[in-house]
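Please read these notes with the model open beside you.

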Amino acid sequence: MTATQPDIETVLTRELIALEEPPAEKDACIEFLLDRAVETDRVTDREAALEALFQREEEATTGVGKGIGIPHAKTDAVSRPTIVFARSDEGIDFDAMDGEPATLLFMLLVPEEGGEEHLALLSSLSRALMHDDVRERLREADSKAAIEDTVTEAIA
């Protein structure tokens, strides 16, 4: 871990992992992921966080390809760095360059002043998800613990 990247175990906890199918439409999926963060008291202003996420989506796609969507934002509406995870059997159109729908969904939220944390987390997560075995383990995981372990091992 770098000095600017928080410990993954505090950023992605089991409460932030959704096993249920998210909504099939991108904006509704982003709200679904955000609500996970709201329910765990990591978001202090849902509307401000949602606005930051949608604004980021307008700037450039967060569909990174290989079936991965990483909506993300820096906002003072979040109290600490947070990653929310869900997966979709059907896939959600996140406008990825490869045209593939996103089946693995990670929402990354960091406080406004956490610019370096944001980049470090996004970079670590993106690098880890480029590995076929990591994506396969996430798709096949049958529990929140298995998902948490996979992400922790891949990023640590």
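1. **A pairing to start with.** G69 has L105 in strand 5 as its bridge partner. Two bridges join strand 2 (residues 68-69) to strand 5, and the two run parallel. Strands here are DSSP runs (E, at least two residues) and helices are DSSP runs (H or I, at least four), numbered from the N terminus. Two strands pair if DSSP finds at least two bridges between them.

2. **Basis.** This is a predicted model, in which local features need pLDDT of at least 70 and side-chain atom pairs count only at pLDDT 80 or more, while totals for chains, interfaces and linings use all residues. Residues are numbered from 1 along each chain as its sequence is written, and side-chain values use heavy atoms, with hydrogens and water left out.

3. **Strand 5, other partners.** Strand 3 (residues 72-74) also runs parallel to strand 5, joined by three bridges. There, K74 stands opposite V110. Strand 4 (residues 82-92) pairs with strand 5 (residues 102-110) in the antiparallel sense, over seven bridges. In that pairing I83 has L108 as its bridge partner, and V84 stands opposite M107. In a regular strand, side chains alternate between the two faces of the sheet.

4. **Burial of the strands.** How many residues of strand 5 are buried? Nine of the nine are, so strand 5 is largely enclosed by the rest of the structure. Strand 4 is mostly covered, with nine of its eleven residues buried. Buried means under 20% relative accessible area, exposed means over 50%, and partly exposed lies in between (1.4 Å probe, protein chains only).

5. **Helix 2 and helix 3.** The axes of helix 2 (residues 26-39) and helix 3 (residues 46-59) come within 11 Å and cross at roughly 140 degrees. Axes are lines fitted to C-alpha atoms, for helices over the stretch in contact, and angles run from 0 to 180 degrees between N-to-C directions. The two helices are therefore oblique to each other. Angles under 35 degrees count as roughly parallel, over 145 as roughly antiparallel, 65 to 115 as roughly perpendicular and the rest as oblique. K26, D27, I30, E31, L34, D35 and V38 in helix 2 meet R46, A49, L50, L53, F54 and E57 in helix 3. These contact residues divide into seven nonpolar, no polar and six charged. Contact means heavy atoms within 4.5 Å. Ala, Val, Leu, Ile, Met, Phe, Trp, Tyr, Cys and Pro count as nonpolar, Asp, Glu, Lys and Arg as charged, and the others, Gly among them, as polar.

6. **Helix 5 and helix 6.** Helix 5 (residues 132-140) packs on helix 6 (residues 144-155) at about 165 degrees, with axes 9 Å apart. They are therefore roughly antiparallel. From helix 5, V134, R137 and L138 meet I147, T150, V151, E153 and A154 of helix 6.

7. **L125.** This residue sits in helix 4 (residues 115-129). Is L125 buried or exposed? L125 counts as buried, at 2% relative accessibility. Leaving aside neighbours within four places in sequence, L125 contacts I70, I83, F106 and I155.

8. **R56.** R56 belongs to helix 3. R56 is partly exposed, with a relative accessible area of 21%. Beyond its neighbours within four places in sequence, R56 is in contact with T61, T62 and H72.
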